[in-house]
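Could you walk me through how to read a protein model, one feature at a time?

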Amino acid sequence: MRKIGITGSIGSGKSVVGGILRKHGYSVLDADKKVHELYASDMNLRKELSFAFGKECLTQTGVDKAFLAKLIFTNVEAKRRLESIVYPYLSRSIIQYFRNAFDEPYGKELVFVEAALFARIPEVVKVLDEAWIVFAPENMRYNRLMARGLSQEDARRRIETQRNEALPLVNKLVPIENEGDMESLEKRVLRLL
């Protein structure tokens, strides 16, 4: 079984690549969605978040996304604190996902995990066989974020926050350019497969 990470800066199209893979029957864990599942279901994580940021950071079904976004995109120390709490839970969950894929009756040839910040989950990076890095020009990424409903300021701040993120240190890095339409991107992904 080959374990492949999919990453790229915000707005680059890594989620689109994950969607293409799912469409073609591949197993892809979305780390962002997994974190939100953990926010809702893991009582130990919820206790740690409440202790660190106050009960107002929690909701019945997870966390107050607006509260945490405002906090972490304006306060570097709060961002570090949140990451130090959340990423160990996420790492364990991703590694369990890989184990489960391996243990299925016939195993899986390729399994994928999609994440923006692999540098924050080094335990996961250690078990990856390769990483696919999705690239797109900054102005295109900015426009994609605005199309999702972010304000100009929020889009700019999120791009800036990830500007100097390190690439995962794996044996094989595979670049995927995402400057065109969906059809072109899908053809690139299928060629890689």
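Predicted model: local features only at pLDDT ≥ 70, side-chain atom pairs only at ≥ 80, totals over all residues.

Q: How do I read a sheet, and in which order do the strands come here?
A: Strands of a sheet pair through backbone hydrogen bonds, either parallel or antiparallel. Strands (E, at least two residues) and helices (H or I, at least four) are DSSP runs, numbered from the N terminus, and two strands pair if DSSP finds at least two bridges between them. In this model, five strands make an open sheet with parallel pairing, in the order β2-β5-β1-β6-β7. At the edges sit β2 (27-30) and β7 (173-177), each pairing on one side only. On average, neighbouring strands are turned by 25° against each other, direction ignored. 

Q: How many bridges join β1 to β5?
A: Five bridges join β1 (residues 2-8) to β5 (residues 110-114), and the two strands run parallel.

Q: How do I read the faces of a helix, and which residues of α3 are buried?
A: Sort the residues by relative accessible area: buried is under 20%, exposed is over 50%, and partly exposed is in between (1.4 Å probe, protein chains only). In α3 (residues 43-53), the buried ones are L45, R46, L49, S50 and F53. Looking down the axis of α3, they fall within an arc of 135°, so they line one face of the helix; the arc is that of the directions from the helix axis to the C-beta atoms. The face turned away from that buried side carries the exposed K47 and F51. The buried residues of α3 pack against α2, β3 (58-59), β4 (62-63), α4 (65-72) and α5.

Q: What follows α3?
A: That's G54, whose phi is positive, near 90°.

Q: Which residues of α1 are buried, and what do they pack against?
A: The buried residues of α1 are K14, V17, G18, I20 and L21. They cover an arc of only 160° around the axis, which puts them on the same side of α1. They pack against β1, β2, β5, β6 and α9. After α1 comes G25, with a positive phi near 90°.

Q: How do I read aromatic pairs, and how many are there?
A: A pair of aromatic rings is described by the distance of the centres and the angle of the planes. Rings of Phe, Tyr and Trp (its six-membered ring) pair if their centres lie within 6.5 Å; planes under 30 degrees apart count as stacked, over 60 as edge-to-face and the rest as tilted. The structure holds three such pairs. The rings of Y26 and F112 have centres 5.9 Å apart and planes at 90°, so this pair is edge-to-face. Y26 lies in the loop between α1 (14-23) and β2, and F112 in β5, so the pair ties together parts 86 residues apart in sequence. Y26 counts as partly exposed at 28% relative accessibility, whereas F112 is buried at 0%. For Y97 and F98, the ring centres are 5.4 Å apart and the planes at 40°, so that pair is tilted. Both Y97 and F98 are buried. Ring pairs also link Y26, F112 and W132 into a cluster.

Q: Is S91 buried or exposed, and what does its side chain contact?
A: S91 sits in helix α5 and counts as buried at 3% relative accessibility. Its side chain makes a polar contact with the side chain of E123 (3.3 Å). A polar contact is a pair of N or O atoms within 3.5 Å; within protein, one must be able to donate a hydrogen and the other to accept it, and residues adjacent in sequence count only if both atoms are side-chain atoms.

Q: And K79, buried or exposed?
A: K79, found in α5 (residues 76-103), counts as buried at 13% relative accessibility. Not counting residues up to four places away in sequence, K79 touches I72, R120 and T161.

Technical notes:
Residues numbered from 1 in each chain as written. Heavy atoms only, no water. Contact = heavy atoms within 4.5 Å. Axes fitted to C-alpha atoms, helices over the stretch in contact; angles between N-to-C directions.
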